[in-house]
Amino acid sequence: MPLEIVTIPCLKDNYAFLLHSDDTGETAVVDVPEAAPILAALEDRGWQLSEIWITHHHWDHVDGVAELKEAIGAKVIGAAADAHRLPPLNHAVTDGETYRFAGSDVHVMDVPGHTVGHIAYHVPDATAVFTADSLMALGCGRLFEGTPEQMWGSLSRLAGLPPETLVCSGHEYTASNAKFAMTIESGNGKLISRVEAIETARAAGRPTVPSTLASELATNPFLRAHLPEVKAALDMKEATDAEVFAAIRRRKDAF
Ligand code: ZN
Ligand code: FE
């Protein structure tokens with residue numbers, strides 16, 4: 001039985017995710033912006049929470065951890081590098097580490113840029129990577145702590161995962177990301193059709209997350225800084241990939 005993924009809208013535009021195995025009855029939640037929607041989602045399905053996986057220290061990803069833990073327990077996993085500014089961890093993980101969840105491997109990836117201690121969780125058996133505010137649908141997180149070089153390195157590592165991987169990111173920012181992406185690559189046919197699909201989904205109140213890595217590779221400007229057509233569009237033919245990424249990120253910050 002494959003692992004099941006449930007997307008849970010939280011706060012104004014955050015997402016948390018449940019990962020569940022019917023075989024073992026185990027359930028993990030990735031990030032806890034607030035406890036109530038997660039408790040409700042668990043109760044709806046009759047699932048027991050076993051683990052809480054934290055991606056990074058920002059309040060909109062951890063604020064509900066204490067309340068959730070108090071209500072139902074569960075083991076908390078997060079980056080060792082950020083243990084001093086995360087809720088108390090039961091298991092502090094590092095880049096390249098693999099741990100087991102419900103009989104499946106979970107690979108921990110350092111993805112600094114948005115924050116320096118940001119990690120992603122890649123779960124091949126779920127064909128999913130939980131990226132929060134590193135790689136996002138048609139976007140990437142703002143560089144609050146890391147450098148453009150760090151974020152470009154993080155995005156490049158994520159880009160190397162299998163293209164069918166579901167990108168479970170932390171926010172519903174896709175509609176505004178789409179408007180920005182069109183300013184970089186207005187002639188990209190796959191981007192144009194994705195923008196239409198995003199508008200339809202949002203008008204119907206449907207989430208645009210998760211997306212697939214294949215779709216991000218074809219349309220997300222932040223993953224495409226190395227491509228000659230993107231460099232040409234920005235008049236940066238001679239620049240390095242990281243310099244082009246930095247220029248796209250600066251434009252988005254001012255968008
Ligand atoms: Zn954040
Ligand atoms: Fe966030």
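## The iron site

Donors are N, O and S atoms within 2.8 Å of the metal (3.2 Å for Na, K and Ca); water is not among the atoms, so sites may look incomplete. This is a predicted model, in which local features need pLDDT of at least 70 and side-chain atom pairs count only at pLDDT 80 or more, while totals for chains, interfaces and linings use all residues; side-chain values use heavy atoms, with hydrogens and water left out. Residues are numbered from 1 along each chain as its sequence is written, and chains are lettered from A and ligands numbered from 1 in the order in which they are written.

Four donors count as tetrahedral if all angles lie between 85 and 135 degrees; four count as square planar and six as octahedral if opposite donors are over 155 degrees apart and all others between 65 and 115; anything else is irregular.

## The bridge between the metals

D133 bridges the iron ion (ligand 2) and the zinc ion (ligand 1), which are 3.1 Å apart. D60 in helix 2 and D133 in the loop between strand 10 (128–132) and strand 11 (135–136) form a pair that links distant parts of the chain, 73 residues apart. Helices (H or I, at least four residues) and strands (E, at least two) are DSSP runs, numbered from the N terminus. Both D60 and D133 are buried. Buried means under 20% relative accessible area, exposed over 50%, and partly exposed in between (1.4 Å probe, protein chains only).

## The zinc site

The protein donors of the zinc ion (ligand 1) are H56 (NE2), H58 (ND1), H114 (NE2) and D133 (OD), at 2.2 to 2.3 Å from the ion. Their spacing along the chain is H-x1-H-x55-H-x18-D. Angles of 84 to 173° are subtended by the 4 donor atoms around the zinc ion (ligand 1), which makes this arrangement irregular.

H56 lies in the loop between strand 4 and helix 2 (59–62), and H114 in the loop between strand 8 (104–110) and strand 9, so the pair ties together parts that are 58 residues apart in sequence. H56 is buried, with a relative accessible area of 1%, and H114 counts as buried at 5%.

## Aromatic pairs

The structure holds 11 aromatic pairs. One of them is formed by W53 and Y121, and it is tilted: 5.2 Å centre to centre, with 35° between the planes. Rings of Phe, Tyr and Trp (its six-membered ring) pair if their centres lie within 6.5 Å; planes under 30 degrees apart count as stacked, over 60 as edge-to-face and the rest as tilted. This pair links distant parts of the chain, with W53 in strand 4 (residues 51–53) and Y121 in strand 9 (residues 119–123), 68 residues apart. W53 is buried at 0% relative accessibility, and Y121 is likewise buried, with a relative accessible area of 0%.

Y121 also pairs with Y99: the ring centres are 6.5 Å apart and the planes are at 80°, so this pair is edge-to-face. Y99 lies in strand 7 (residues 98–101) and Y121 in strand 9, so the pair ties together parts that are 22 residues apart in sequence. Y99 counts as buried, at 7% relative accessibility. Ring pairs link Y15, F17, W53, Y99, F101, Y121 and F130 into a cluster.

## The largest pocket

The largest pocket has a volume of about 290 Å³. On a 1 Å grid over the protein atoms alone, a pocket is an open set of points where a 1.4 Å probe fits, with protein on both sides within 12 Å along at least five of seven lines; lining residues have an atom within 4 Å of a point. Grid points are joined across faces, edges and corners, and a volume is the space filled by probe spheres set on the points.

The lining of the largest pocket comprises 18 residues, of which M136, C140, G141, R142 and Y173 lie nearest its centre. Helix 2, strand 12 (139–140), helix 5 (174–184) and helix 9 (241–253) are the elements that give two or more residues to this lining.
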